[in-house]
Amino acid sequence: GFNVYPVEVEACLVRHPAVAEVAVVGVPDPRKQEVGAAFVVPTPEAVIDPSELQALARTELVGYKTPEYIFVVDELPRSSATLKVQKHVLRARARSLLETPDSVDTARVGSP
């Protein structure tokens, strides 16, 4: 029964100098019902360390708001008409990545 507002988590993560854009979505979790997954676009020539981003989130947010998964992507999917981030696409992508055991090891940055 905790409320996590993606915009709050996104505002925290985008303050990191290596982050150009970020979108946070909830993904199913067998133990907690749902956990956060952040899709992060790096600034040009930046290298993002997911554990560093998670540490930043832990210093500014309470533990349950810290994304459990951080995916580094080249760009966020946007609608062609409004250019709004398509979070339903990100949720589906996260579920797909999490169903592949190899991707979980690289995406999971710890338990909040």
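Both Phe 39 and Phe 71 are buried (under 20% relative accessible area, with a 1.4 Å probe and protein chains only). The model is predicted, with local features requiring pLDDT of at least 70 and side-chain atom pairs pLDDT 80 or more, whereas totals for chains, interfaces and linings use all residues. Residues are numbered from 1 along each chain as its sequence is written, and side-chain values rest on heavy atoms, without hydrogens and water.

Three aromatic pairs were found in a search of the whole structure; rings of Phe, Tyr and Trp (its six-membered ring) pair if their centres lie within 6.5 Å, and planes under 30 degrees apart count as stacked. The rings of Phe 39 and Phe 71 are stacked, because their centres are 5.0 Å apart and their planes lie at 25 degrees. This pair links distant parts of the chain, with Phe 39 in strand β2 (residues 33–42) and Phe 71 in strand β3 (residues 69–72), 32 residues apart; strands are DSSP runs (E, at least two residues) numbered from the N terminus. Tyr 69 and Phe 71 are also stacked, because their ring centres are 6.4 Å apart and their planes are at 10 degrees. Tyr 69 is likewise buried, and ring pairs join Phe 39, Tyr 69 and Phe 71 into a cluster.

How values were computed. Phe/Tyr/Trp six-rings, centres within 6.5 Å; stacked < 30°, edge-to-face > 60°. Helix = DSSP H or I, 4+ residues; strand = E, 2+ residues; numbered from the N terminus. Buried < 20%, exposed > 50% of the residue type's maximum accessible area, 1.4 Å probe, protein only.
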